[in-house]
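Please look through the sequence and the structure before reading on.

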Amino acid sequence: METQNRLQEQRLRISRDLHDNIGAQLTFIISSLDNLKYGFKEMETKLKDRLTGISSFTSQTIYELRDTIWAMNKDSISLEDLKTRITNFMDQAKASTQGITFNFNLDQDLAADHSFKALVGMNLYRIIQESVNNSLKYADPNTINLDFKKTAAGFELQIADNGKGFNESEIEAGNGLSNMRKRAKELQGSLQINSEAGQGTTVILSIPEQ
């Protein structure tokens with residue numbers, strides 16, 4: 001019990017440090033970049049676009065930092081917690097895009113109070129984030145469907161879009177796909193990507209009972 005208490009105290013201390021120090025520094029960077037853009041009205045368009053890109057990247061880093069702190073402060077993450085976090089993420093994605101419909105469906109066999117270990121919940125959330133971001137960045141879809149259901153062996157998560165699709169053998173695998181596969185492995189599960197040019201993409205994550 002003493003060891004658990006010390007670990008909990010250390011975890012809370014790290015999360016506070018991340019929030020107070022790293023979060024504040026990232027916010028300062030964004031403010032400085034915005035001041036640069038408005039302070040030099042004759043700035044070249046290319047440089048201004050570059051600063052805007054860095055500012056956007058930093059803002060995204062803050063969101064991800066908050067997600068990490070959220071997970072660190074918990075021993076477990078309930079399905080209801082996860083649902084709320086996913087819904088907020090999809091609302092943010094919807095606000096930054098136009099003409100895209102997001103659908104999030106939970107199997108009725110799933111109990112809202114079912115809890116995952118914090119690391120499991122975080123990996124599920126990150127896989128969803130990466131998959132949706134890939135769809136928005138590359139697929140040009142007008143619909144993204146997310147389905148989470150109970151199976152005889154455990155759980156299955158599907159993220160499907162009706163975008164351009166791709167042939168996985170013809171693209172260079174980036175860090176995004178690689179990280180999704182690593183997270184699936186950490187969950188002792190499997191990640192399958194079904195896609196064809198012009199036919200959309202479906203990401204299927206299957207994990208054992210957690």
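In what order do the elements of the protein chain run from the N terminus on? The order is α-α-β-α-β-β-α-β-β-α-β-β, with five helices and seven strands in the chain. Helices (H or I, at least four residues) and strands (E, at least two) are DSSP runs, numbered from the N terminus.

The model is predicted: local features need pLDDT of at least 70, side-chain atom pairs count only at pLDDT 80 or more, and totals for chains, interfaces and linings use all residues. Residues are numbered from 1 along each chain as its sequence is written, and side-chain values use heavy atoms, with hydrogens and water left out.

Of the 210 residues in the protein chain, 33% count as buried, that is, under 20% relative accessible area with a 1.4 Å probe, protein chains only.

Five strands make up an open sheet of mixed pairing, in the order 2-4-5-7-6; two strands pair if DSSP finds at least two bridges between them. Strand 2 and strand 6 each have a single partner strand and stand at the edges, so one side of each is left without a neighbour in the sheet. Neighbouring strands are turned against each other by 10° on average, direction ignored. Axes are lines fitted to C-alpha atoms, for helices over the stretch in contact, and angles run from 0 to 180 degrees between N-to-C directions. Six bridges join strand 6 and strand 7 in the antiparallel sense, and N194 stands opposite T202 in strand 7.

**Helices on the sheet**

Contact here means heavy atoms within 4.5 Å.

| Helix | Strands | Angle |
|---|---|---|
| Helix 3 (residues 79–95) | touches strand 2 and strand 4 | about 170° with strand 2 |
| Helix 4 (residues 118–139) | lies across strand 2, strand 4, strand 5, strand 6 and strand 7 | about 15° to strand 5 |

The buried residues in helix 3 include L79, L82, I86, F89, M90 and A93. These residues lie on the same side of helix 3 because they cover an arc of only 95° around the axis, the arc being that of the directions from the helix axis to the C-beta atoms.

T97 lies in the loop between helix 3 and strand 2. Leaving aside neighbours within four places in sequence, T97 is in contact with F102 and L136. The C-alpha atoms of T97 and N142 are separated by 9.9 Å, while the two residues are 45 residues apart along the chain.

Note on methods
Buried means under 20% relative accessible area, exposed over 50%, partly exposed in between (1.4 Å probe, protein chains only).
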